[in-house]
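Me: I am new to this structure and would like to learn how to read its main features. Could you take me through them step by step?

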Amino acid sequence: MKLNFQTKPEVQMRSTAIDFYEQVKTRRSVRKFKSDPVPDEIIENCLLAAGTAPNGANLQPWHFCVIKSPEVKSKLRAAAELHEHKFYNGGVPKEWTDTIKHLNTNESKPFLEEAPALIAIFQKATTKDHEGIERKCYYAKESVGIATGILITALHQSGLATLTHTPSPMNFLNKVLDRPSSEKPFLLLIVGYPTDDCEVPDIVKHGIESIRTYH
Ligand SMILES: Cc1cc2nc3c(=O)[nH]c(=O)nc-3n(C[C@H](O)[C@H](O)[C@H](O)COP(=O)(O)O)c2cc1C
């Protein structure tokens, strides 16, 4: 089929690129959420956006579980806090906990119950291709990473805050959410609105000179 590509005047390209950067740089990982509900339609559209991601052989190796049930959220919190207790109490090398010290995080994860929605993202080992043949997914991790980046950006652009959460290990997600063992938990996205008193760590992003070279 013919590509539908909209060429923009250069002046518009420049302002769109600047506007996009100005928008995405206001995204921050939020760890204190209001319980106000989020419209399903917004989440669905953001998931559709994530599903447009480029991916290995178009096998689309992702599955998204949207969790709103208080019972399921509380199961996830209990399991995550159990693992996080081990994580923060000698379960991982000190080098790792030293690296995240500035975030002031600990084993307590109230946002897993307080936030209105969680999205558990799974990476599939195989999926059916366009002919219905079960195929091994290549570059699955890269593909799911790109889709997740689009999802986080879409949610942010829609006015929602997120936290990228990776309780370690995450296998409990398969059990609680009844996903097959062939699906690897990729990460857990917490979605909602920040509390009015929400604070974030004062961090700095690298400037352009240190993240790119021209060749
Ligand atoms: C793959 C990945 C895993 C992360 N896991 C956690 C986590 O388990 N808990 C947490 O509080 N933050 C987690 N974060 C959030 C990072 O700490 C955060 O993105 C980073 O400090 C930069 O801050 P910013 O998102 O506000 O720009 C994770 C981020 C990524 C990309």
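Predicted model: local features only at pLDDT ≥ 70, side-chain atom pairs only at ≥ 80, totals over all residues.

Me: Which residues have the most contacts inside the largest nonpolar core?

Reply: A core of this kind is read as a set of buried nonpolar residues joined through their side-chain atoms. Here the largest one has 22 residues, and those with the most contacts inside it are Phe64, Ile119, Ile121, Leu151 and Leu155. The elements that give two or more residues to this core are helix H2 (40–50), strand S1 (62–67), strand S2 (117–124), helix H6 (140–157) and strand S6 (183–192), and the largest share, six residues, comes from H6.

Me: What does Ile119 touch, leaving out residues up to four places away in sequence?

Reply: With those residues not counted, Ile119 touches Ile43, Leu47, Phe64, Cys65, Leu151, Leu155, Leu187, Leu188, Leu189 and Val191. There is also a second, separate core of 21 residues, which includes Ile67, Ala115, Phe172 and Leu173.

Me: Which residues surround the ligand?

Reply: One begins with the shell of residues and then turns to individual polar atoms. The shell consists of Arg27, Arg28, Ser29, Arg31, Leu103, Thr105, Leu163, Thr164, His165, Thr166, Ile203 and Lys205, and these divide into three nonpolar, five polar and four charged residues. A polar side-chain atom of Arg28 lies 2.6 Å from a ligand oxygen atom, while for Arg27 the corresponding distance to an oxygen atom of the ligand is 2.9 Å. The side chain of His165 likewise has an N or O atom 3.0 Å from an oxygen atom of the ligand. Of the 620 Å² that the ligand exposes when taken alone, the protein buries 69%.

Me: Why does His83 count as buried?

Reply: The same cut-off of under 20% applies, and His83 counts as buried because its relative accessibility is 19%. His83 lies in helix H3, which covers residues 70–91, and, with residues up to four places away in sequence not counted, His83 touches Ser168, Pro169 and Phe172. Phe172 is also one of the residues included in the second core.

Note on methods: Residues numbered from 1 in each chain as written. Heavy atoms only, no water. Core = buried A, V, L, I, M, F, W, Y, C linked by side-chain atoms within 4.5 Å. Buried < 20%, exposed > 50% of the residue type's maximum accessible area, 1.4 Å probe, protein only. Helix = DSSP H or I, 4+ residues; strand = E, 2+ residues; numbered from the N terminus. Contact = heavy atoms within 4.5 Å. Near = heavy atom within 4 Å. Polar contact = N/O pair within 3.5 Å; in protein donor to acceptor, adjacent residues only side chain to side chain. Areas by Shrake-Rupley, 256 points an atom, 1.4 Å probe, with all protein chains shown as cover. Nonpolar A, V, L, I, M, F, W, Y, C, P; charged D, E, K, R; others polar.
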